[in-house]
Amino acid sequence: MGNRQKLVYIETLGCQMNKSDSERILGILSSIGYDETEELRDADLLIVNTCNIRQLSADKAYSRLGRWGQMKEHRDIKIAICGCVAQQDAEKVFKRAPYVDLVFGTHNIYELPNLIKRTETETNVCSIHKKQFEADETAFTPVRKEGLNAWIPIIEGCDYFCTYCVVPYVRGRQRSRKIEDIIQEAKNVVKQGYKEITLLGQTVDSYGRDFNDGKTTLALLLRELAKIEELLRIRFVTSYPTDITDELIETVRDLDKVYKYFHIPMQSGSTEVLNRMKRRYTREEYLNICNKIRSQVPNVTITSDFIVGFPGETEEQFQESMTIIDEAQLDYSNTASYSPRKQTPAATWKADYIDHPTKKRRLQIINAKVKDYSLHSNKKYEGKILETIVEGIKIENGETILTGRSINEKIVHAKGDFDESVIGTLVQVKITEGSHWCVKGEVV
Ligand code: SF4
């Protein structure tokens, strides 16, 4: 490799948490002389950051490794795998892909300088033990993509052990980052020019519970972050329904900079299915939480996630997921059909598995419902003015169109007379049309 700068190619599969981990990995690697490249053929180090939420993503990870293994026959490269598949499969990765140099887990990214060094002299290096966030985590600056928004993880892992989910097994128990480290990171990204931050966590609203100090909460963190002057917007995802406190709802209502937006996965509209999923709320409790938020926060957007075809889900129980969308007025929902994951209790309930065509049909039906409701929800804003942060501008049929996000997390397209200097500022948009996936209007 000589004295030239070394190059790393990283492919990130799966959720936003993985993307955020990749930004941190690139930051750490830059401290030992690696620059990112988007050209696979130029890279000295190839990393696949994997996701194990669905079988499809795990298969994709191994197919990447297979392709890279063939490249290694002709070139001097190092291959690494990290993320959830690495955490779960550990040494088993080397059985399937013996040419892999390094397997590292979701807790081990801060050991990377040492691990990379070990690959110079050792084969099949593996580090997947679970540790707390390192004390010196702020020593590295994540390498973020350009844009307005910076993602900041505030809590790792999860304590809930829903019966279909691998997160507690691969990412471990809940661990909150220190509030002062998060505030420092937010100040740093604002200095770099980012205008908004998204606080990330599998159960972001459980933030601080593991400190047991009775005072560190997501609401407190939001209040502290809102004091950062040049920071224009703050959002947080994903909320666990029963961890949404009155204090959090009031804080979202009262702080101008905080998106009027909650993403609250429900997973099923049926209390029996929720029980089997080991979600710790009933249909009625979920509904009450949504109603409480709507009564407190004007124009709030509430989105959700649903799994269809969970083992044993009857047609009636599936219909309960359909009807809750109207009842809870869920503005938009992500949907997926159930996919068994190794290590989880639900994966062993084979006798109750729902057949593939039924799952596919239910998914199509709920997707149509989500699309309809999304249109209904966006139409509600026709005639209203929504404060919007401008993310970009584009020319369409000779007209300048601004794209952005409203304070209640709607995608906004607005006509007007502006140039690129408007990007990153707040404008008022009068909504003239709600469509399925966005609201359209004019800057006023
Ligand atoms: S709360 Fe979310 S991350 Fe935690 S186990 Fe349940 S589905 Fe997984």
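Reply: Happy to! Val-166 counts as buried because 21 other C-beta atoms lie within 10 Å of its own (buried is 20 or more such atoms, exposed 12 or fewer, partly exposed in between, with C-beta atoms placed from the backbone). This is a predicted model, in which local features need pLDDT of at least 70 and side-chain atom pairs count only at pLDDT 80 or more, while totals for chains, interfaces and linings use all residues. Numbering starts from 1 along each chain as its sequence is written.

Val-166 sits in the loop between β8 (155–156) and α6 (167–171); helices (H or I, at least four residues) and strands (E, at least two) are DSSP runs, numbered from the N terminus. Setting aside neighbours within four places in sequence, Val-166 contacts Asn-52, Cys-84, Gln-88, Arg-341, Gln-343 and Thr-344 (contact: C-beta atoms, placed from the backbone, within 7 Å).

Now step over to Tyr-286, 120 residues from Val-166 along the chain, with 23 Å between their C-alpha atoms. Tyr-286 is one of the buried residues of α11, along with Arg-283, Ile-289, Cys-290 and Ile-293. Viewed down the helix axis, these buried residues fall within an arc of 135 degrees, so they line one face of α11 (the arc is that of the directions from the helix axis to the C-beta atoms). On the face turned away from this buried side, α11 carries the exposed residues Glu-284 and Ser-295.

What do the buried residues of α11 pack against? Their partners are α9 (246–254), β12 (261–263), α10 (271–277), β13 (301–308) and α12 (315–327).

Two of those partners, β12 and β13, belong to an open sheet of three strands in the order β12-β13-β14, with parallel pairing (strands pair if DSSP finds at least two bridges between them). Its edge strands, β12 and β14 (332–337), each pair on one side only. From one strand to the next, the twist averages 10 degrees. Helix α13 (residues 356–379) packs on this sheet, touching β13 and β14, and its direction makes about 175 degrees with that of β14 (axes are lines fitted to C-alpha atoms, for helices over the stretch in contact, and angles run from 0 to 180 degrees between N-to-C directions). Between β12 and β13 there are three bridges, and Tyr-261 has Thr-301 of β13 as its bridge partner.

Technical notes: Two residues are in contact if their C-beta atoms, placed from the backbone, lie within 7 Å.
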